Amino acid sequence: MRKLLILIVLVGAVYQGWQHFGKAGSYSGNSDASAAEISALAATVRPEDVVMYSTTECPYCAQAKGWLNQNGFAFTECNMSNESHCENEFKSYGANGTPFLVVRRGDKTHYMKDGFDSDEFIAALRS
């Protein structure tokens with residue numbers, strides 16, 4: 001009985017992860033941008049253009065950082081587990097979940113409040 005309960009919990013966790021990350025564009029590379037376009041866009045991004053608020057324990061933060069690094073995007077990480085000022089900044093934005101990204105492009109600022117989504121991220125950089 002205990003093994004069945006553990007199996008049910010694991011299946012539920014996998015399903016929840018699929019719901020969060022399996023949707024088009026989240027981390028799957030389903031963006032309408034080609035790899036060459038993403039690489040060219042990444043070359044124009046400076047670390048101060050993208051700030052990711054994260055925590056050490058956040059698996060979604062690790063996945064977002066992996067995608068950004070894999071695609072060559074510069075960014076600044078503000079880890080609330082290590083730096084108290086990061087938590088203060090995070091709260092000042094009214095954010096409530098991690099990863100929370102602030103994407104600055106020219107005179108525009110985009111707040112990714114619903115976690116990281118590669119399509120949303122690329123669209124924010126294109127605008």
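Trainee: Hi! Is Ser-54 buried or exposed?
Mentor: Ser-54 is buried, with a relative accessible area of 0%. Buried means under 20% relative accessible area, exposed over 50%, and partly exposed in between, using a 1.4 Å probe and protein chains only. This is a predicted model, where local features need pLDDT of at least 70, side-chain atom pairs count only at pLDDT 80 or more, and totals for chains, interfaces and linings use all residues. Residues are numbered from 1 along each chain as its sequence is written, and side-chain values use heavy atoms, with hydrogens and water left out.

Trainee: Thanks! Which strand is Ser-54 in?
Mentor: Ser-54 lies in strand β1, residues 50–54. Strands (E, at least two residues) and helices (H or I, at least four) are DSSP runs, numbered from the N terminus.

Trainee: And what does Ser-54 touch?
Mentor: Not counting residues up to four places away in sequence, Ser-54 touches Cys-61, Glu-77, Cys-78, Asn-79, Met-80, Ser-81 and Thr-98. Contact means heavy atoms within 4.5 Å.

Trainee: Which side chain makes a polar contact with the side chain of Ser-54?
Mentor: That is Glu-77, at 2.5 Å. A polar contact is a pair of N or O atoms within 3.5 Å; within protein, one must be able to donate a hydrogen and the other to accept it, and residues adjacent in sequence count only if both atoms are side-chain atoms.

Trainee: New topic: where is Glu-120 found?
Mentor: Glu-120 is part of helix α5, and at 26% relative accessibility it counts as partly exposed. Its side chain makes a polar contact with the side chain of His-110 at 2.7 Å.

Trainee: How many residues apart in sequence are Glu-120 and His-110?
Mentor: They are 10 residues apart in sequence, and 9.5 Å apart in space, C-alpha to C-alpha.

Trainee: Staying with α5, at what angle do the axes of α2 and α5 cross?
Mentor: Roughly 55 degrees, and the axes of α2 (residues 35–42) and α5 (residues 118–126) come within 11 Å. Axes are lines fitted to C-alpha atoms, for helices over the stretch in contact, and angles run from 0 to 180 degrees between N-to-C directions.

Trainee: Which residues make that contact?
Mentor: Glu-37, Ile-38 and Leu-41 of α2 meet Ile-122, Leu-125 and Arg-126 of α5.

Trainee: Last one: how many helices and strands does the protein chain have?
Mentor: The chain has 5 helices and 4 strands, running α-α-β-α-β-α-β-β-α from the N terminus. Of its 127 residues, 35% count as buried.
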